[in-house]
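Subject: Structure handover

Hi,

Here is the structure I promised you. Please open it next to this note and follow along.

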Amino acid sequence: MKKVLNILLAFVAFTSGVGAYHFTEVQDFTVDFVSQFEEEKVELSASVIKEEFVQKEQEMHSVAQVELEKKKYERDGLTIDLPESFDAIAREVLSSIPESQTRSLTRIIGEHGKDAKRGLASFKSMYIGIDNIETDEEFRRVFIHELGHILDLGGLKASSRKIDSGFRDGSNVIYNTDASLDFYTLCWDTEHDLSGQCSDLDFVSEYAQADSFEDFAESYLLFVENNESFVEMAKESEVLQKKYNFFAETVFNGKFENTAKAELPKEDRVWDLTKVY
Ligand SMILES: [Zn+2]
């Protein structure tokens with residue numbers, strides 16, 4: 001019954017355009033790319049990026065110039081094609097999180113039209129339905145949610161590709177050394193099958209129950225933009241505490257700042273954290 005319910009949930013979300021999704025692109029990069037990435041992953045950290053930023057800030061003596069510099073965030077191999085206000089937010093968010101988390105991202109493309117999904121991401125591409133996002137705040141949340149998919153599918157890679165975990169991202173096999181499995185297996189037997197060990201309050205939102213990837217992306221969004229609420233919600237749920245610890249330790253390696261937004265209810269869950277609550 002629960003499985004039928006979450007398939008229905010995902011289907012309704014997808015067809016009505018209220019959710020923010022992931023899609024599968026075949027993992028076509030080579031093992032060399034993976035090992036090169038793993039080395040970079042160790043080197044880059046939030047504190048390094050922040051130190052560089054603070055140094056630049058001191059050199060520039062001007063808030064306006066600092067804003068301009070933030071907006072200029074760019075890196076080789078990344079194309080951003082978004083309206084101006086969304087572009088500035090995207091670059092600001094990217095500059096505030098460790099680059100290792102989004103290293104596999106190659107393009108962020110804005111799509112017009114009411115049929116476009118608000119957000120869609122694979123391990124390397126992100127599409128934003130710009131006509132279906134009403135405010136800058138909503139864009140920021142959709143964007144961070146989609147970055148969660150980029151991190152999950154492209155950032156956290158298996159260290160060896162020998163043993164199949166049974167989880168699939170479409171046709172892509174997820175190997176048993178993929179760090180995302182430490183998160184998935186808290187509530188999931190496969191990407192679509194809940195293990196039956198988690199209750200509604202063990203998820204950060206209702207949409208997080210759609211599949212293991214949405215669980216990951218919604219939890220990442222809450223950790224990045226409102227981790228004080230995550231801490232509060234985790235006081236009521238051992239599973240949520242483990243999800244929180246996964247991001248705090250495995251993903252951010254203990255280096256992150258407290259963030260706070262409107263407090264979320266402890267006894268209930270919002271449908272979708274990308275919508276303003
Ligand atoms: Zn999603």
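First, a term. A residue is buried if 20 or more other C-beta atoms lie within 10 Å of its own, exposed if 12 or fewer, and partly exposed in between, with C-beta atoms placed from the backbone. By that count, 37% of the 277 residues of the protein chain are buried.

This is a predicted model: local features need a pLDDT of at least 70, side-chain atom pairs count only at pLDDT 80 or more, and totals for chains, interfaces and linings use all residues. Residues are numbered from 1 along each chain as its sequence is written.

**Confidence**

pLDDT is the predictor's confidence in each residue, from 0 to 100. The protein chain averages 84, and 76% of the residues score at least 70. Helix α10 (residues 238–251) has the highest confidence, at 98. Helix α2 (residues 31–43) has the lowest, at a mean of 34. Over residues 28–49 the pLDDT is below 50. Beyond near neighbours in sequence, that stretch has 23 contacts in the model. A contact means that the C-beta atoms of two residues, placed from the backbone, lie within 7 Å. Where pLDDT is low, the predicted coordinates should not be read in detail.

**Overall layout**

The protein chain holds 10 helices and 7 strands. Both are DSSP runs, numbered from the N terminus: helices are H or I with at least four residues, strands are E with at least two. Of the contacts with a separation of 6 or more, 65% join residues 24 or more positions apart.

**The sheet**

Five strands form an open sheet with mixed pairing, in the order β1-β4-β5-β3-β2. Two strands pair if DSSP finds at least two bridges between them. The edges are β1 (21–22) and β2 (79–81), each pairing on one side only. β1 runs parallel to strand β4 (residues 119–121), joined by 2 bridges. His22 stands opposite Ala121 in β4. Helix α6 (residues 136–155) packs on the sheet and touches β1, β4 and β5 (125–129). The direction of α6 makes about 15° with that of β4. Axes here are lines fitted to C-alpha atoms, for helices over the stretch in contact, and angles run from 0 to 180 degrees between N-to-C directions.

**The core**

A nonpolar core is a set of buried Ala, Val, Leu, Ile, Met, Phe, Trp, Tyr and Cys residues joined through C-beta atoms within 7 Å. The largest one has 55 residues. Met126, Ile150, Tyr220, Leu221 and Phe223 touch the most other members. Elements giving two or more residues to this core include β4, β5, α6, α8 (212–225) and α10. Leaving out residues up to four places away in sequence, Ile150 touches Thr102, Ser104, Leu105, Ala121, Phe123, Met126 and Gly155.

**Two packed helices**

The axes of α9 and α10 come within 8 Å and cross at roughly 145°. Phe230, Val231, Met233 and Ala234 of α9 meet Leu240, Gln241 and Tyr244 of α10. These contact residues divide into 6 nonpolar, 1 polar and no charged.

**The hairpin**

Strands β6 (residues 164–169) and β7 (residues 172–175) run antiparallel, joined by 3 bridges. Asp164 has Tyr175 as its bridge partner in β7. Asp169 has Asn172. The hairpin has 2 residues between the strands, and Gly170 takes a positive phi near 60°. Asp164 is exposed, because it has 11 other C-beta atoms within 10 Å. Not counting residues up to four places away in sequence, Asp164 touches Val173 and Tyr175. Asp164 and Asn176 are 12 residues apart along the chain, with their C-alpha atoms separated by 5.7 Å.

**Two single residues**

Cys198 lies in the loop between α7 and α8. Is Cys198 buried or exposed? Cys198 is buried, because 20 other C-beta atoms lie within 10 Å. Cys198 touches Cys187, Phe203 and Val239, not counting residues up to four places away in sequence. From Cys198 to Leu186, C-alpha to C-alpha, is 7.9 Å.

Asn253 is found in the segment after α10. Asn253 has a positive phi of about 50° although it is not a glycine. Asn253 counts as partly exposed, because it has 14 C-beta neighbours inside 10 Å.

Best wishes

Methods:
Ala, Val, Leu, Ile, Met, Phe, Trp, Tyr, Cys and Pro count as nonpolar, Asp, Glu, Lys and Arg as charged, and the others, Gly among them, as polar.
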